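Subject: Structure handover

Dear colleague,

Here is the structure I said I would pass on.

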Amino acid sequence: MPLGERAGDKSESRYCGVETEFNDDMPHLLSFNIHGGFDFLVAPLIDPSYRPSLMEQDSSGSGALPFAGSDLVLSPSQWSSHVVGKISSWIDLDSEDETLRKDSEIALKQEIAWASHLSLQACLLPTPKGSSCANYAKCVNQILQNLNSMQLWLRIPLEKSDDETRNPDHMGEGHTDTWELWNSFRLICEHHSQLSVALDVQSTLPSPTSLGRWFGEPVRTAIIDTNSFLTNAQHYPCLSRSHQRLTTAFFSHSIQVVISGKPVHNPPMASLESSASSADNHTEGGWRHPLKSYLDYLAYLYQKMDPLPEQERFELGYRDYLQSPLQPLMDNLEAQTYETFEKDTAKYIQYQRAVSKALLDRVPDDKASTVITVLMVVGAGRGPLVRASLQAAEETGRRLKVYAVEKNPNAVVTLHSLVKLEGWEKLVTIVSNDMRQWDAPEEADILVSELLGSFGDNELSPECLDGAQRFLKEDGISIPSSYTSFIQPVTASKLYNDIKSHKDLVHFETSYVVKLHRIARLAPTQTVFTFIHPEHSAKNSNQRYKKIRFDIPPDTGSAMVHGFAGYFDATLYKDVHLGIEPSTATPNMFSWFPIFFPLRTPVCVTPNTPLEVHFWRCCGSTKVWYEWCVTSPSASPMHNSNGRSHWVGL
């Protein structure tokens, strides 16, 4: 039964599992735990005493493997929905004992083949033993090449990078950061999309920045042992504040929690009896699952999370979904695209504030009734900026004459209809033309545009406004007056695998608009390019180059950089700004998702090693494009040289 209902959240993190011991009565094991309130089992599929070499010695054997019952003991839907196979923990594919190593290889293949036969959704692989995992990873990689849709979850203990009390059974002498163990394994497995992580949560946790790395990795489940729980004043299990924050973050990132271990808490019997009388506690005749108090606590944590805001619910379907940026000069936008952007009231409130301040600065109160300000909306679309500008004039008591310039003939039809409907015929002149070619009948006092892209200049706002600047008065105002792009390195395993699935160079040299969710931000953002309008310099060029150095916080540990997240911040007028840069983002605005610049080969960054990246904005006669490369800690190939894979057409 789900942990609870949370408005807007339909993710798999609502379902909680339990890790069990081997039991050859699988129907009873499943019934016991499902009726106890759990949604699925993580259960061994084969008797732990089984060794292939012993079977060979037993010549009287029938050849049947000691699995936990045949495939007929549960229905296909029960196997696939309620059971995760747990591969035998004894296997050690990198053992120096040849018999153990060979037994391990055979058993691993047999167990995964059986799990695949049962149509299980996932199997839990044991933690690599020792510091080397090359043979283990090689065998898993071989299996992945021919596997159906089943996921393989590699169990990795979540241990502190500087923890001297590490578990010697899991880690070799040189390993103090279990992320590096995972990284070695997935590199050998070629970043395979069906290889995921099951994090074993320990009683002590690494630093928050070190934990943050994992949210960009393909973590599917978190296994919390009962020994990690504390005891509250009522003798019930509870988690420390840091464990609570981590568990809530798991829920927010669609990571399922599995409870492992034996009950080590003894809640008072009176409380258990009162709980047993309530209908939702999965009890029959006073029976209660031994781990139910741990499950109840996780349900409490889940249910006390804030409901998803309406905007987040709207954006759920876009999370980590790669989209190509708009080509607003080459293509005419569709009605549906206009409608989506026009619903962004937060954006137009900021524009209205900016126009109001500009009008008050431009026209003193004593001339408000006589001076007519000429305002041009360039790229008027279906009219939201025209409306915001006229509302600003009404709010400030200033008089306006508006030119609405729009190149899309389909949007111009809607503009004419809007002007007629609102009775703006004497206030608004509609111009069906490209702002770069239009000859204006008079100069403008204020030039208003919404040509910004996710990276500020990536939808060619500089080129458009340079073309329109010729009809702005010498002392005229441009709204926006400036904008700056920002980038930061990110771990984004899902995005990387989605791009890799295309199996070509073009997709790795394309920048994408994406609602970032399953990522780890590895360092604070830094500025890239800035553009100012109006630009009066005679040597003005829109080409740019920037070298940027990032220092990853040392307590993060090593991390994988799959690419760079890009944002922008714009000054509309004076102190009125608009943007998506995380530290200053405009609240409740959804017109822009961040941009993502991928790396063809992910870069592993180690502590105290700087990450250096170079970005170019290049301009040709018919197109504008970006190029980027990394030079430290190791050099990467140049991405998108000469705009060979991706560009924005002029």
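The notes below cover a helix and its surroundings, then a set of paired strands.

This is a predicted model, in which local features need pLDDT of at least 70, side-chain atom pairs count only at pLDDT 80 or more, and totals for chains, interfaces and linings use all residues. Residues are numbered from 1 along each chain as its sequence is written, and side-chain values use heavy atoms, with hydrogens and water left out.

Helices (H or I, at least four residues) and strands (E, at least two) are DSSP runs, numbered from the N terminus. Buried means under 20% relative accessible area, with a 1.4 Å probe and protein chains only.

Helix 1

The buried residues of helix 1 (residues 26-35) are Met-26, Leu-29, Leu-30 and Asn-33. Because they cover an arc of only 95° around the axis (taken from the directions from the helix axis to the C-beta atoms), they lie on the same side of helix 1. Their cover includes strand 1 (16-19), strand 2 (40-44) and helix 3 (76-82), where contact means heavy atoms within 4.5 Å.

Strand 25 (residues 623-632) is largely enclosed by the rest of the structure, because eight of its 10 residues are buried. Strands count as paired if DSSP finds at least two bridges between them. Strand 24 (residues 611-619) runs antiparallel to strand 25 and is joined to it by eight bridges; the hairpin between them passes through three residues. In this pairing, Phe-615 is opposite Trp-628 of strand 25. Strand 25 is also joined to strand 26 (residues 648-649), again antiparallel, by two bridges, with Lys-623 opposite Gly-649 of strand 26.

Regards

Notes
Buried means under 20% relative accessible area, exposed over 50%, partly exposed in between (1.4 Å probe, protein chains only).
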